[in-house]
Amino acid sequence: AEFLGGAAAYPRWVRVNALKTTIEDQLATTFATFTRVLTVGEVTASPGKFLYVDEHIPNLLAISPSFEITKTDAYKSGAVILQDKASCFPAYLLDPRSEDGDVIDSCSAPGNKTTHLAAIVHSRVPEREECTQTVYAFEKDPKRARTLEKMVNLAGAKEITRMSFGQDFLRVDPNSELFANVGCLLLDPSCSGSGIVGRDEMPPIYLPDIPGTFKKPLPSSNRKRKRDDSDTGKNTSQPIMVDDDGKETLVSSEKELEARLEALSSFQLTLLLHAFKFPAAKKITYSTCSIHAQENEQVVLKALRSDIAKERGWRILRREQQVRGLREWPVRGSPEASDVDSEVAEACIRSYKDDGRGVMGFFVAGFVRDVKPAFADG
Ligand code: SAM
């Protein structure tokens, strides 16, 4: 019973990096001594070395968390990357194909999704042909950009990726000649991080970079629990917020929490509307590791209702249009949060920590539109 509790209930998710190796090679080498199981639950059900090949995302494995993967050559060489299953959804959902042209990752560091995008793009280059697509990776925070650079280099994604360090995506000109061929954008902006597993114990990897961003969000059962706590006068789940000057303060009221979520969601919406402006763009994914509807379905709805979405023909990527695996993923958007728009709710992909699927709390939605060859919007 002890083995099932806490962090042990989460497997270690391992993305096999197609830029360096194949899943078959890894199964035959790094994981040769593992016992293959058919459900993710079996990986953590008992001690030992178990491995599950994911049914939704290609090149993804779940392995026993006690295995010291960071000591393996595969990890040290970038052949495998530790990346939560849900964090693999956006690049896979975006599904960049050669005919889609270049790709933008607007908020890149530490680079999990950038390197995943590069791997997908690379895997589609026909044998003996050169890759003609570029993944443009922007990262506003110069320190975090250094981590991005390291990850891109280690993953062997350098040739495909052009990084722009310290670059605010909101200041990137969509009409620049350089981005004339950008057909796909992945948006994974700063968020409250309320879906992150073990967030309370972890160093703040999702550093706050806009005023009012949480450094430490409410734990999973958040709002309800917070209310319960306030009833008893205790406040074990108080999040810490970071002001412009880096000073930490505690969120003392539900009202304050709402105000901060509002600030985050307004930034997230601005980013999404900016992405809508790229003239050749036809696919966008928007994701957060937040469980709050304000940062998720609500942002999606506001974006869909915006003038720019209507002008340029942006629509939601409906469930039945999604790639195999994500179409089948059963956890969808919240109908209440989607203003009971069932098509939008179904199109939104969610995950919740502690629901037995072994993944973090996450949200992703896709947007599409038809771009006529001679599209000339300015
Ligand atoms: N996509 C990353 C991954 O999978 O490894 C995680 C991205 S993290 C959620 C958000 C990142 O966006 C942070 O590194 C933050 O510094 C960066 N960021 C925030 N606002 C930005 C902006 N306006 N332009 C570019 N990057 C931004």
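1. Of the protein's 378 residues, 47% count as buried; a residue is buried if 20 or more other C-beta atoms lie within 10 Å of its own, exposed if 12 or fewer, and partly exposed in between, with C-beta atoms placed from the backbone. This is a predicted model, in which local features need pLDDT of at least 70 and side-chain atom pairs count only at pLDDT 80 or more, while totals for chains, interfaces and linings use all residues. Residues are numbered from 1 along each chain as its sequence is written.

2. The secondary structure comes to eleven helices and 16 strands. Helices (H or I, at least four residues) and strands (E, at least two) are DSSP runs, numbered from the N terminus. Among contacts between residues at least 6 apart in sequence, 72% join residues at least 24 apart; two residues are in contact if their C-beta atoms, placed from the backbone, lie within 7 Å.

3. The protein is divided into domain 1 (2-82) and domain 2 (88-192 + 262-365), with bounds that come from an automatic or database domain assignment. Their C-alpha centres lie 25 Å apart. Domain 1 gives 15 residues to the contact and domain 2 gives 20 residues. On the side of domain 1 that touches domain 2, helix 2 (40-45) and strand 4 (60-63) are the elements that give two or more residues. The residues on that side of domain 1 are nine nonpolar, four polar and two charged. Here Ala, Val, Leu, Ile, Met, Phe, Trp, Tyr, Cys and Pro count as nonpolar, Asp, Glu, Lys and Arg as charged, and the others, Gly among them, as polar.

4. Helix 8 (residues 254-275) has 22 residues and reaches 32 Å from its first C-alpha to its last, close to the 32 Å expected at 1.5 Å a residue. The expected span is 1.5 Å times one less than the number of residues. Buried residues of helix 8 include Leu257, Arg260, Leu261, Leu264, Gln268 and Leu272. An α-helix has 3.6 residues a turn, so residues three or four places apart point the same way.

5. Next, the ligand. Around the ligand there are 22 residues, of which Cys107, Asn112, Lys140, Phe169 and Asp188 come nearest; a residue is near a molecule or strand if its C-beta atom, placed from the backbone, lies within 6 Å of it. Helix 5 (112-123) and strand 7 (135-139) each supply at least two residues of this shell. The shell divides into eight nonpolar, six polar and eight charged residues.

6. An unreviewed UniProt entry places the feature "binding site" at Cys107, Ser108, Ala109, Pro110, Gly111, Asn112, Lys113, Glu139, Asp168 and Asp188. UniProt positions are given in the numbering used here, feature names are shortened, and annotations may be inferred rather than shown by experiment.

7. Ser108 lies in the loop between strand 6 and helix 5. Ser108 counts as buried because 33 other C-beta atoms lie within 10 Å. Leaving aside neighbours within four places in sequence, Ser108 is in contact with Thr114, Ala137, Phe138, Glu139 and Leu148. Gly111 lies in the loop between strand 6 and helix 5, and is buried, with 28 other C-beta atoms within 10 Å. Not counting residues up to four places away in sequence, Gly111 touches Leu148, Met151 and Val152.

8. Ala109 and Pro110 are joined by a cis peptide bond, with omega about 5 degrees. Pro110 is found in the loop between strand 6 (102-105) and helix 5. Most residues other than glycine have a negative phi, and most peptide bonds are trans.

9. Asp95 has a phi near 55 degrees, a positive value in a residue other than glycine, and its place is in the loop between helix 4 (89-94) and strand 6. Asp95 is partly exposed, with 17 other C-beta atoms within 10 Å. Phi of Asp354 is near 65 degrees, again positive in a residue other than glycine. Asp354 lies in the loop between strand 15 (349-351) and strand 16 (362-368) and is partly exposed, with 14 other C-beta atoms within 10 Å.

10. Where does UniProt place the feature "active site"? The unreviewed entry gives Cys289, whose place is in the loop between strand 13 (283-288) and helix 9 (297-304). Cys289 counts as buried because it has 27 C-beta neighbours inside 10 Å. Apart from neighbours within four places in sequence, Cys289 is in contact with Cys191, Gly193, Gly195, Ile196, Met360, Gly361 and Phe362.
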